[in-house]
Each structure stands twice: as C-alpha cells, then as structure tokens.
Amino acid sequence: MSGLAPDGLPKGNRVWADGCYDMVHFGHANQLRQAKQFGQKLIVGVHNDEEIRLHKGPPVFNEEERYRMVAGIKWVDEVVVNAPYVTTVETLDKYQCDFCIHGDDITLTADGKDTYQEVKDNKRYRECKRTCGVSTTDLVGRMLLLTKNHHTQDEHIEQHVERARSLSTDNVAMSPWTRVSRFIPTTTTILEFAEGRPPKPTDKVVYVTGSFDLFHIGHLSFLEKAKEFGDYLIVGILSDQTVNQYKGSNHPIMSIHERVLSVLAYKPVNEVVFGAPYEITSDILDQFNVKAVINGFRDRDSSIVNCPLTSIDPFAEAKRRGIYHEVDSGSDMTTDLIIDRIINHRLEYETRNKKKEKKEADVAKALNLIKVEE
C-alpha cells in the first residue's frame, strides 16, 4: 500500500464500494473508476433483487445480470453478491476492506435512514464525486417518454407524456441527488476511461460496430466473444443520427458520448471509434489494420424501420476479404427488450421514481440542502 488517494489521505489495500448497479451506465462506471483510486484492490458489493425491492422498488435488471455487468467493468477486482443494503463495519471486516467509498449523494433505506451512517460514525467512509448528467432514474424516464410517444395508443397519452417528462428532466423533482443535469463530455472524461495504448505491431486487431445503446449484458457477452478472435478490440460506435435513421422514434436513448463511455468502461474493449460509419469500408479496415470483423446474430435490432441503410450490407467488404465472423453471444438481451420491460412495468417504475424523489427531497430539506418553497 502506497501513495495518496484523491482526497489526500493514504490509499487502502482493499477498498469497498456497493450499490444496486441497476441499468449499469457510465455514471456507475465512473464512480467505480474513482473508487479504485482509493486502494490497490476494489471490492464491489451488489445488492440482490429482494433488498432492492424492499428499499427502492423493482429493479430493471435481475441480480444475475447485474452481478455480471459489474464484474465486467475494468476497475473492478472482485464482486460480492447479495451484499447487504445497509453497509456495516462487520461487512467491511468480513471482506478485509479498510473503508468504503461512495459518491457525494445519499442512499436511503425504506425508512429514510442513511445506509452509510454506521461506517461514517466509525471513520470507515470516504467520498468521491457523483457523475452529473446521468442516473438510472433519468434513463427510465427517457424510456417512459419514448414509450408513451411511440409505443402506446393510450387515450390519456398527454398525461403520460408529461409524467414521463417530469421523470426524465426533473422539472418537478426537488431532490438534489436525483435531479439530472445535461451531461457535458470533455476530453478529460474520455481519457480517464480510455486505455490509452495503441495496438502493438504483433496484436491481431478485431473490429465490431453498433449502437450499443443502454449497454447491457447482451452487449458485454458479445464483446467478450469478439475479443477471443484477437488481441486488441476496437468498437465502432454509430452516430446518433445513424441510429435514429434505422431505428426511428426517439432512439438512441443515450447520446453518442454516453454510449462511448459505457463501452470504454468494460474490460474487453481497447479502443472506440466515435461516429463510426454504418458501412465498414476498406478505409476503416486498412487504417486500423483490422484482421477480424465480428457480428453477433442474437443482438440485432428487432425494430428496424424502412430506410436506405437497410439495403446496405455493412459487412460486405469484410466478407470479401474473408475476415467476417458471426458469433453467438449466448444472451437474448437486447435494447428493445429493456424498453419492453419498462413498458410492461411502467406504473411500477413511475411510482418507484416518484417515491425515491420524495424520500431524498425530504432528507435534503432536513439538511437544508434545498430551499423549501413557501
């Protein structure tokens, strides 16, 4: 153990972070990246479905999906499953962790108590910065807005749109932690996520491309399979305009910058291409010295709209060169299936988000973090 953590205090050996990590996004990944800077090894506790239902409401992803997603993040050394919702000194001692790290927001139990109060009282708590501009609540809100505009024929559609909009942009919400500001990407943020090394001359470069919207277990499984074809994996991220052209409605749910960071956070990925062309041309293959192009046949979009792109085979040049391969990711998860889960449980998620907002707002008012309107 050596060196100082970002807060100026000594680093730990084994350090702890925990959470639900539902709909794992780059905000979660950034919290874990920061947490890793506090110690030599980062141990991450993930709560099970029962605990989340009790304290927050129904999770979007089940516990097995969430365990796998967290384990795939490049800064995570170990995952502890069934981690208790309330973090205790006993838990830290059980896993030989010096202290725990959490973002500068607040996590509350079902009865409104700070889940980290015990470790705070025992000086076993350290803090990192929350990533502004994204939250699971906001992503659910974006999907609900998408859903109500494009996937339902509800006679009260305007009422539902307005409700979803308030969830998405937090115009009504008062919580200082859940309130969502627009994510502003910087070169520093990208560099913090990027591996930062070019392929070695001896590396076999593998290329894949896609939207990678709402990065999920199907994406991760596919990238793990693709990486097996070589040494250096480059992921082409399609532009927002391209995704919208072939998916329609309000797709993609996440912007290209959000999707890039989500992909970069995972262990199989070495490099990304911003706004990659839909068609994998000879220029792309030659520039990056690509030796294998991989496509997954389980994760293809199921809601393609009629557009000029559908008549193009994006893999034609790779096939001509004999470097095209298809793989089975082993996962049936798709972005469309995630949206279906939100549709099917719309009222539950709306209720969950509103309860979470109110609970946090009540605590914030008590702490004088927000102004109480007269």
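Is Glu65 buried or exposed, and what is the relative accessible area of Glu65? Glu65 is buried, with a relative accessible area of 12%, where buried means under 20% relative accessible area, exposed means over 50%, and partly exposed lies in between, for a 1.4 Å probe and protein chains only. The structure is a predicted model, in which local features need pLDDT of at least 70 and side-chain atom pairs count only at pLDDT 80 or more, while totals for chains, interfaces and linings use all residues. Residues are numbered from 1 along each chain as its sequence is written, and side-chain values use heavy atoms, with hydrogens and water left out.

The side chain of Glu65 meets that of Arg341 in a salt bridge, at 3.1 Å from N to O, a salt bridge being a side-chain nitrogen of Lys or Arg within 4 Å of a carboxyl oxygen of Asp or Glu. This pair links distant parts of the chain, since Glu65 lies in helix H3 and Arg341 in helix H14 (residues 335-344), 276 residues apart. Helices (H or I, at least four residues) and strands (E, at least two) are DSSP runs, numbered from the N terminus. Side chains of opposite charge can pair when their charged atoms come close.

In the whole structure, a search finds 17 salt bridges. One of them joins the side chains of Lys36 and Asp77, again with an N to O distance of 3.1 Å. Here too distant parts of the chain are linked, with Lys36 in helix H1 (residues 26-36) and Asp77 in the loop between helix H3 (63-71) and strand S3 (78-81), 41 residues apart. Asp77 counts as partly exposed because its relative accessibility is 36%. A further salt bridge is formed by Lys120 with Asp114, whose closest N and O atoms are 2.6 Å apart. In this pair Lys120 is partly exposed, with a relative accessible area of 28%, whereas Asp114, at 17% relative accessibility, counts as buried. Elsewhere, salt bridges that share partners join Asp286, Glu317, Arg320 and Arg321 into one network.

Attention now turns to the strands. An open sheet is formed by 5 strands in the order S8-S7-S6-S9-S10, with parallel pairing, where two strands pair if DSSP finds at least two bridges between them. Strand S8 (271-276) and strand S10 (324-327) are the edge strands, each pairing on one side only. Within the sheet, strand S6 (residues 205-210) and strand S9 (residues 290-296) run parallel and are joined by 3 bridges, and Val206 stands opposite Ala292 in S9.
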